[in-house]
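Trainee: I would like to learn how to read a structure feature by feature, going from the general idea to the particular case. Could we work through one together?

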Amino acid sequence: MTPISGSGGAGRRGVATLVCGALAAGGLAAAGVTALEPGAASASSHREAPLISGTPQYDNTDLYAFVSPDRPDTTTLVANWIPFEEPAGGPNFFTFAEDAQYDLHVDNNGDALGDLVFRYTFTTHTKNDKTFLYNTGPVTSLDDPDLNITQTYDIDLIKLHEGKEASRTTIAHEVPVAPSNVGKASMPDYGALRDQAVHELAGGARTFAGQADDPFFLDLRVFDLLYGGNLSEVGNDTLKGYNVNSIALQVPTDMVVESAEQPVVGIWSTTRRKNAQGEFTQVSRLGNPLVNEVVNPLKDKDTFNASVPADDARFLPNVTNPELPKLIEAIYKIEAPAEPRDDLVDVFLKGVKDLNQPPHVTPSEQLRLNTSIAPAAEPKRLGVLDGDNAGFPNGRRLTDDVIDAALQVVEGELVGAANDLGDAVDANDKEFEKAFPYVANPTEGSRGPLADGTGEGNDVRNQLGDALRPAGSDDTTLIAASAGAGAVGILLIGGALAWWRRMRGRAY
């Protein structure tokens with residue numbers, strides 16, 4: 001396929017219009033798509049449906065697919081789970097579920113049937129169940145005896161023919177998972193632990209599983225009447241400081257494409273959970289971002305998460321008559337485009353012509369990537385909308401600003417009203433890595449200010465009074481009084497225990 005020129009003019013405006021339409025539609029599968037086996041489809045986002053929001057271990061948050069910038073003969077997939085991981089959320093930190101199948105799907109011929117499934121399954125190991133601690137001392141390696149709770153995983157490569165399983169091969173066994181970043185005292189060199197969790201597979205592939213900084217950047221106050229009703233609530237990266245659990249897979253591109261002549265692949269991820277009968281059923285799915293979060297109404301969200309592409313015709317009105325433009329019109333008085341939006345549905349479900357649309361495509365909702373387009377030397381956050389054909393919606397890179405692109409579309413890009421609307425969050429709070437797995441290291445649980453009086457070798461053991469003051473506090477008297485009250489309390493408790501022992505010996 002011929003990459004689209006990044007220069008201005010009618011060609012770029014036409015492609016931008018198609019892309020804008022795709023983004024505005026949000027993307028749901030059309031009718032007539034055959035169900036995949038193992039059962040799967042695609043959706044998106046953080047806490048997007050009532051049922052899955054209560055089971056975060058199974059909740060897909062985001063999916064990324066891009067040509068590896070440092071190894072352009074490979075393709076990288078990154079899928080994340082468990083939204084809003086508080087870094088200090090112990091003592092039970094964040095693990096993948098053992099009763100789940102975490103799947104990465106590839107459709108390499110555009111027929112809406114999966115051709116490859118990379119299935120990750122996890123096992124938890126506990127060294128000492130007589131302690132509540134995740135780690136019992138400083139952890140310097142993934143096999144450190146002080147790392148009490150560990151996980152390993154297997155990867156099965158499932159090859160499909162016409163949607164049915166043709167073969168299954170275990171391509172990785174008992175690979176260690178990078179742990180949750182408890183804090184600087186517990187994990188003084190977390191980067192070393194991350195490096196140890198990158199595992200080389202046969203044929204030049206690589207895999208990683210473990211905790212990472214949440215790479216999605218946006219201001220989630222969009223749900224407060226679309227940024228406060230007057231765009232006053234913008235500029236705060238709501239996901240800053242939160243972590244996710246990531247699965248990253250880097251494979252030689254020729255392993256996943258149909259051929260050099262057909263370089264477009266469709267990608268989606270799913271979670272399947274074991275039910276009471278011991279069978280696995282789909283509970284979450286994710287392809288393009290924000291589909292189930294802002295396109296489907298509440299009545300459809302759980303159904304959509306459990307459904308397959310063949311059943312998506314029931315959701316089609318949510319795309320042809322989308323709610324979001326109506327909300328924008330009601331709050332900001334920007335006229336919504338005329339309905340039904342059949343043109344948007346057609347473009348989105350097939351991919352953009354001459355960019356990432358495979359020949360003889362069967363409409364279906366997938367994150368489509370043209371692997372023949374080289375990585376951009378200087379990626380632009382708006383991707384194709386800004387002439388960068390290596391970016392969203394041609395796959396999705398970690399740096400792509402999908403929120404701003406969607407907001408600009410809603411305000412009227414399709415009707416010629418050029419704008420720079422956005423949430424004022426243009427980049428992630430942490431820089432991404434230059435090499436696989438690319439996601440940033442997770443925020444540590446020990447983040448935040450130290451108590452006043454610490455530093456230069458001092459700690460609470462030699463400065464009992466001042467060192468226990470919260471950072472920025474000037475109330476030494478209050479802290480000293482608290483310490484004194486604590487000492488009195490200890491004496492009272494000791495006296496009470498002595499009295500209780502004496503009373504036990506009395507006869508009545």
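Predicted model: local features only at pLDDT ≥ 70, side-chain atom pairs only at ≥ 80, totals over all residues.

Trainee: How should I read a nonpolar core, and which residues have the most contacts inside the largest one?

Mentor: The general idea is that, in soluble globular proteins, nonpolar side chains tend to be buried together. In this model the largest nonpolar core has 38 residues, and those with the most contacts inside it are Tyr134, Met187, Phe216, Leu398 and Ile403. At least two residues of this core come from each of β1, α2 (190-196), β8, α3 (225-231) and α10 (402-411), with the largest share, three residues, supplied by α10. Apart from this core lies another, of 36 residues, among them Tyr58, Tyr120, Ala209 and Ile267.

Trainee: What does Ile403 touch, if residues up to four places away in sequence are not counted?

Mentor: Ile403 touches Phe216, Phe217, Leu218, Tyr227, Leu290 and Asp423 on that count.

Trainee: How many salt bridges does a search of the whole structure find, and what is the idea behind them?

Mentor: Side chains of opposite charge can pair when their charged atoms come close. The search finds 13 salt bridges, and in one of them the side chains of Arg396 and Asp62 meet at 2.8 Å, N to O. Arg396 lies in the loop between β12 (367-370) and α10, whereas Asp62 is in strand β1, so the pair ties together parts that are 334 residues apart in sequence.

Trainee: Why does Arg396 count as buried?

Mentor: Arg396 counts as buried because its relative accessibility is 1%, below the 20% cut-off; Asp62, at 0% relative accessibility, is likewise buried. By contrast, the salt bridge of Arg206 with Glu200 (3.2 Å, N to O) joins partly exposed residues, with relative accessible areas of 22% for Arg206 and 49% for Glu200.

Trainee: Where does Asp219 lie, and is this residue buried or exposed?

Mentor: Asp219 lies in the loop between β8 and α3, and it is buried, with a relative accessible area of 0%. Its side chain meets that of Arg221 in a salt bridge (2.8 Å, N to O), although Arg221 counts as partly exposed at 30% relative accessibility. A polar atom of the Asp219 side chain also lies 3.2 Å from the backbone nitrogen of Gly235. Beyond its neighbours within four places in sequence, Asp219 is in contact with residues including Tyr227, Glu233, Thr238 and Asp423.

Trainee: Which backbone values deserve a careful look?

Mentor: Most residues other than glycine have a negative phi, and most peptide bonds are trans. In this model the peptide bond from Gly90 to Pro91 is cis, with omega near 0°, and Pro91 lies in the loop between β2 (74-85) and β3 (100-107). The bond from Phe436 to Pro437 is cis as well, with omega near 10°. Tyr438, in the loop between α10 and α11, has a positive phi of about 75° although it is not a glycine, and this residue is buried, with a relative accessible area of 2%. Phe84, found in strand β2, has a positive phi near 55° and counts as partly exposed at 26% relative accessibility.

Key. Residues numbered from 1 in each chain as written. Heavy atoms only, no water. Core = buried A, V, L, I, M, F, W, Y, C linked by side-chain atoms within 4.5 Å. Buried < 20%, exposed > 50% of the residue type's maximum accessible area, 1.4 Å probe, protein only. Helix = DSSP H or I, 4+ residues; strand = E, 2+ residues; numbered from the N terminus. Contact = heavy atoms within 4.5 Å. Polar contact = N/O pair within 3.5 Å; in protein donor to acceptor, adjacent residues only side chain to side chain. Salt bridge = Lys/Arg side-chain N within 4 Å of Asp/Glu carboxyl O.
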